[in-house]
Amino acid sequence: MKLKKQVTVCGGAIFCVAVFSLYLMLDKVQHDPARRQNTGGNFPRSQISVLQNRIEQLEQLLEENHQIISHIKDSVLELTDTGAISPSGHLPFRSNNGSWVMPFDGRPTFLSLRPRDCQFAQLRRGPTELQTLDVNSLLSFDNVDGGVWKQGFEITYEPGEWDDEPLQVFVVPHSHNDPGWIKTFDKYYSDQTQHIFNNMLVKLAEDPRRKFIWSEISFFAKWWESVDIHKQEAMRKLIQNGQLEMVTGGWVMPDEANTHYFAMIDQLIEGHQWLERNLGIAPRSGWAIDPFGHSATMPYVLKQANLTSMLIQRVHYSIKKHFAASRSLEFMWRQAWDQGSGTDMFCHMMPFYSYDVPHTCGPDPKICCQFDFKRLPGSRVNCPWKVPPKAIVDTNVAERANLLLDQYRKKSKLFRSKVLLVPLGDDFRYDKTVEWDQQFQNYQRLFDYMNSHPEMHVQAQFGTLSDYFNAVYKANDVAPGTRPPDFPVLNGDFFSYADREDHYWSGFFTSRPFYKNLDRVLESHLRGAEILYSLALAHVRHSGMESRYPVSDYSLLTEARRNVALFQHHDAITGTAKEAVVIDYGNRLLRALVGLKRVIINAAHFLVMKNRDVYRFYQSEPFLETDDRRATQDSLPQRTLIELDPNTPRYLVVFNPVEQDRLCVVTALVSSPHVRVLTEDGQTLPVQLSAQWSSALQVNAEVYQVSFMARLPALGLAVYHLYETADSPMTMRSETVMRMAPGTGAVRGLDPLPLRMQIADAQPFFINSQALSLGFSGTTGLLETIRRKDESQEMRVQFQFVTYGTRPSKDKSGAYLFLPDGRAKPYTQREAPVVRVVEGPLFSEVVTHFQHFQQTVCIHNVPGVEGLSLDVSVLVDIRDQANKELAMRVTTDIQSEDTFYTDLNGFQIQPRRYFHKLPLQANFYPMPTMAYIQDSQHRLTLHSAQALGVTSLDSGQLEVILDRRLMQDDNRGLGQGLKDNKKTLNRFRLQLERRPGSSRFAPNAGLFARVSSSFHSFFSGMFGDETEEVLDSETLSFPSIISHVTSAFLNHEVLALPVVAKHGVPPLRTFSPLPTPLPCDFHLLNLRTIQSQQDPQSPSPFTALLLHRKALDCRLEVQNLGFNCSTSHGQLSVSSLFRGLDLQLLQPTSLSLLYSGTPLANDSTVTLDPMEISTYKLKIC
């Protein structure tokens, strides 16, 4: 009682001080001469500006006061949880309600989100003519037979329509080369692709009217680096005179469903940098004919890279038909958050079934196939419609030209300008010289005839993609990239894709999840290695130590960039390649991962040296070990064991890859249970000691898991000491309970860790932290309820596992398609699961073992982000199953109705709607990083560390497919099923947030938040701020600040790197590269050392800084994040960004560095709008 009184008095005193401070600030505002009215009774404009700025400062102070007070109050309450007090004052202890209480960290944190930074998510956007969610609602998806254009309709025209303005036709030859699919990348190159380039050199040079486009720079770079300078010069000449155009210019043509925007951008940079260094060119037009659906992220990325136009192909056939009927196949693709037109990208959607020749000249494939001259009689390729092409000669040219022109005219009726694009190509075309002659010679005869007959009113020629787009802009009298008059504006995406009937390509969202997870691990390592290498190199140059540092590690970065980029290909990360090709990708990824770990440990070695004068690097004797190892490309990682020594400490260097300070639990494996962990300055940390389990019933007797709470600097490295000592009161043992059915078997414990057996019953059981209480089913061991400790009511959050089969008819699920045999069935097994319950001061977990999967639900008992969500992992092994797909379902009482939300590429959120008129498989969507459901009270977010397919089939549900094993091909060209499954670990975070509706603050927000909100509303009205709130907008949604940080923590795990040496370790120190963390709505997307223009395997003096400012939904309740979080209206001072380094160049550039702006003053502040990604070229040393 006495303590409660003290807390009350302390809180009252803090409140009085804050109120008095508020009074003084208001008094100062009132008496400030700059705020007085002039004699005319009106504010002068300059004084209005001053007043507005000062009010904003006042508002900011009010918010900071509120947040600081709130967090001080929270911290005090933590000390008084249920009246319990730590006996020692600094040891974790159990409170009266059974939960562990951690000692007060002693470092108060604050949260300060400026109101203007929160307004962005609530601003009303103007409507666009086309919104894909609305289009999906409108269409009946009835698949009516359209005649010769089966998925469309009959097209007619009047003969005189082109009398005043002739039809311009651009036939664009192309060859689509997959960097791995049926064959490996190298096999495709040696068998086919190299011959395409060699033929191109000869055949394009024969006639300057011939044109060609190329997309995949991975193949082009391999060819370029294998040929002599004469061939290089000949190719360069073809590009310079406009006969060959590089389109998009990425390393690959990436998948757009499963890829993360970090990798999408990185592969684009890799391709563009190669083009700039070797050819001095910058692509202008995007070409994406084969990704299986299209994301709204791609037009934004291309726009930021200064491309002006783009083309897409694989869109649902019903949507194509709808767009064709309204002549909306060309549109400005605008981002949903854009209040103006700054993100607009001109987009051309191909109207027909495929990008092959039968489906590109016009609506009738039977006729168009006759103009694919590779299929001339005698070829190994023929026309399925049984009417072969005819070589063009004088006796038939008139008839053939008129037949082809009829198709051109019909196709042109689907567009708004009299300029027509006709692609001419297919997969791996033009690898034989005979095809070059067949296509170019026959088409040139047709063109010559058409162009020499004015009565046909057509001008036909070979062209590049940009030739076509430039003609469209010219015909509409607008600049390239500008919206032509009356062309529609669209926002949204084009998932999920169906090419015919109910064949939805939603299976590949999950296919081969092992490699989807490995890709995300590799991306995090690549980003971490880029950042540490760039920082180490800058400090090395600053110290004049380049000769002593392994600068040559840059070649490992280059190799990793290219292997990660290759895996973004639309038959790689999708899981839709042959088994042998998948192995090749896996070996490339593993090789890249090993190289990146080497870059990281070498950079960390230099950066943590207290005295860098004694720094020495030995290639054969690494200073640090990696955090884990993978024996093969398809094996799960095994964490590194630290052998403790009673005579000397072992050192652990921990890397935090995120741009915010991080309060988290760090885990390592050690050889002894007698362990102490000390900070760099000698402070002993509380430690939780746990067993390492090798199976459901077996403990590894030689390995122990040690966990401790660490506060890590942003993008920094912290140093910890591990000692083998006698038992310490700071080392606390996990308590383990095995819940099993009678007769399951015996479990032998591991001294000194307590273990007890319990017969499983139907009664629910619970684990607790200071923030959460989780209830589990006594029967299944799966989660059933969540209760936040500040709420009295439990909320149903129920896990269930279900399985899908495939339909019994001819068409079945495969690598691409998801064709289930109806609704999912509950997963069942004969034996009761083995359930292991582990409780301790830092974390508690429930591990449930089923035959085909093992689920772990863990809560961390630490303040901040780490303790506000559930860590969920599912180890899946369905290698003995046939035609089964395993899904994890979360069922809640949230009234989400038919609406749910998924992310696009980890970059933005796309609202979804469950359409009952569509088959079940049509309602699955890609989930690269998160999906959520919400109602007026709560939002439940499932964060993912790998791309998977997700849906919400009923109100209050989320369902994610974990793995698929399918025994047959789905007739999309692969020729195999999915039978090479691996034991796969899928990792998630489950987050429950309060959503108090339209209120800017939660109902229990304090006085200062309400006063601040009132001031903001009042003065916004005074100065004409006309922004409006939109509640529950179905077309726009954003994560909360906690959600953003949770996703970053999940996808960028800390790396715990043991020092190899046991003796003679030089003094080490924490490395904190940032004087202050970035504003918490900023994400440092990359810090990428730019390659040398002379040697691509060596670094230049310049570094690319890529920043992304995230948009926040501030209407969700914000709790203590565990670090200081503030926003800055999008402003950032780059000159003071890195501690101990000088900024010598600050130059804005396009996203991929091809276009440079005017250098800024080194002390300039850069400003980003919400959602904006910006790139800067730096020179730091």
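Helix 8 covers residues 261-279, and its 19 residues should span 27 Å at 1.5 Å a residue, which agrees with the 26 Å between its end C-alpha atoms. Because 17 of those 19 residues are buried, helix 8 is largely enclosed by the rest of the structure.

## Strands 8 and 9

Further along comes strand 8 (residues 285-288), where Ser285 and Trp287 point one way while Gly286 and Ala288 point the other way; all are buried. Strand 8 runs parallel to strand 9 (residues 309-312), and four bridges join the two. Within this pairing, Ser285 sits opposite Ser309 of strand 9. To get from strand 8 to strand 9 the chain passes through helix 9 (residues 297-304), giving a right-handed β-α-β crossover.

Another part of the chain forms an open sheet of five strands with mixed pairing, in the order 17-19-22-21-24. Strand 17 (641-642) and strand 24 (731-733) are the edge strands, each pairing on one side only.

Inside this sheet, strand 21 (residues 687-693) and strand 22 (residues 699-712) run antiparallel and are joined by six bridges. Here Val687 has Phe708 of strand 22 opposite.

## Aromatic pairs

The whole structure holds 61 aromatic pairs. One of them is the tilted pair of Tyr468 and Phe469, with 5.4 Å centre to centre and 55° between the planes. Tyr468 and Phe469 are both buried.

Tyr827 and Phe850 make an edge-to-face pair, at 6.1 Å centre to centre and 85° between the planes. This pair links distant parts of the chain, 23 residues apart: Tyr827 lies in the loop between strand 31 (825-826) and strand 32 (834-839), and Phe850 in the loop between strand 33 (843-849) and strand 34 (853-860). Tyr827 counts as buried at 16% relative accessibility, as does Phe850 at 15%. Elsewhere, ring pairs link a cluster whose members include Phe212, Phe371, Trp436 and Phe462.

## Confidence

The chain averages a pLDDT of 90, with 88% of the residues scoring at least 70. In residues 22-43 the pLDDT stays under 50, and the model has 24 contacts there beyond four places in sequence. Residues 998-1033 also have a pLDDT below 50, with 67 contacts in the model beyond near neighbours in sequence. Where pLDDT is low, the predicted coordinates should not be read in detail.

Note on methods. Residues numbered from 1 in each chain as written. Predicted model: local features only at pLDDT ≥ 70, side-chain atom pairs only at ≥ 80, totals over all residues. Heavy atoms only, no water. pLDDT = per-residue confidence, 0-100. Contact = heavy atoms within 4.5 Å. Expected span 1.5 Å × (residues − 1). Buried < 20%, exposed > 50% of the residue type's maximum accessible area, 1.4 Å probe, protein only. Pairing = 2+ DSSP bridges. Right-handed = clockwise from strand over helix to strand, strands pointing away. Phe/Tyr/Trp six-rings, centres within 6.5 Å; stacked < 30°, edge-to-face > 60°.
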